[in-house]
Amino acid sequence: MKMIFLTLLIAVQGCTSTNESKAQLSIMRSCYESIVSFENSDFCFIQDEHAHLRQLTNKNKSLDFWTAFANYRLEVGARKANMAIKDLVKQFGSSTALFLPINSDLRGSKVDELVNSLLLADINPTKRLTERVGQPCDLVVVDKIRSGLLP
């Protein structure tokens with residue numbers, strides 16, 4: 001009886017885990033798609049009284065993206081989570097969200113290496129990314145932004 005109960009408990013936990021990882025991946029995708037869309041729009045570059053709010057909203061979506069990434073990585077492992085980032089970049093292009101200065105627990109140095117390689121691959125960069133770090137991407141500038149030395 002105990003064995004049947006434990007088997008059912010493990011099966012239910014596995015299903016919950018799968019649904020949670022799918023939800024995190026969906027959040028990552030939705031946030032990243034929205035970020036890229038914004039950074040490619042002319043709306044991103046309009047300088048008016050609401051420009052700061054638009055940039056702040058975009059930054060918050062980037063934070064949501066990295067939080068979902070951290071949760072997804074806990075669920076499925078680093079390798080699969082890193083593949084998800086590669087897939088998103090291949091599908092939507094490179095974005096400033098990739099090097100947002102955040103808590104290293106959300107991303108980690110291995111992911112920074114992956115991000116640098118994606119940025120150097122110059123995969124369809126957004127207008128905003130090109131404006132901030134050039135094309136091809138200047139990793140010195142990226143590291144300064146990532147460390148908080150540049151806004």
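## Burial and overall architecture

The secondary structure of the protein chain consists of six helices and zero strands, so that, read along the sequence, the pattern is α-α-α-α-α-α.

Among the contacts in the protein chain with a separation of 6 or more, 73% are between residues 24 or more positions apart.

## Confidence along the chain

The protein chain has a mean pLDDT of 85, with 84% of its residues reaching 70 or more. Among its elements, the lowest mean pLDDT, 76, belongs to helix α1 (residues 2-40), whereas the highest, 95, belongs to helix α3 (residues 78-92). Where pLDDT is low, the predicted coordinates should not be read in detail.

N58 lies in helix α2, which covers residues 51-76. Is N58 buried or exposed? Its relative accessibility is 7%, and because the cut-off for buried is under 20%, N58 counts as buried.

Leaving aside neighbours within four places in sequence, the residues in contact with N58 are I35, F38 and E39. With E39 there is also a polar contact, made between the side chain of N58 and the side chain of E39 at 3.2 Å.

## The largest pocket

Rolling a probe the size of a water molecule over the atoms shows where empty space is left. In this model, the largest pocket holds about 310 Å³ of space. It is lined by 17 residues, of which K59, L100, R128, R132 and P151 are the closest to its centre. The elements that give two or more residues to this lining are α2 and α5, the latter covering residues 127-133.

Which element gives the most to the lining of the largest pocket? That element is α2, with five residues, and it is also the helix in which N58 lies. By class, the lining of the largest pocket is made up of eight nonpolar, five polar and four charged residues.

Notes. Residues are numbered from 1 along each chain as its sequence is written. This is a predicted model: local features need pLDDT of at least 70, side-chain atom pairs count only at pLDDT 80 or more; totals for chains, interfaces and linings use all residues. Side-chain values use heavy atoms; hydrogens and water are left out. Helices (H or I, at least four residues) and strands (E, at least two) are DSSP runs, numbered from the N terminus. Buried means under 20% relative accessible area, exposed over 50%, partly exposed in between (1.4 Å probe, protein chains only). A polar contact is a pair of N or O atoms within 3.5 Å; within protein, one must be able to donate a hydrogen and the other to accept it, and residues adjacent in sequence count only if both atoms are side-chain atoms. Contact means heavy atoms within 4.5 Å. On a 1 Å grid over the protein atoms alone, a cavity is a set of points where a 1.4 Å probe fits but cannot get out, and a pocket is an open set with protein on both sides within 12 Å along at least five of seven lines; lining residues have an atom within 4 Å of a point. Grid points are joined across faces, edges and corners, and a volume is the space filled by probe spheres set on the points. Ala, Val, Leu, Ile, Met, Phe, Trp, Tyr, Cys and Pro count as nonpolar, Asp, Glu, Lys and Arg as charged, and the others, Gly among them, as polar. pLDDT is the predictor's confidence in each residue, from 0 to 100.
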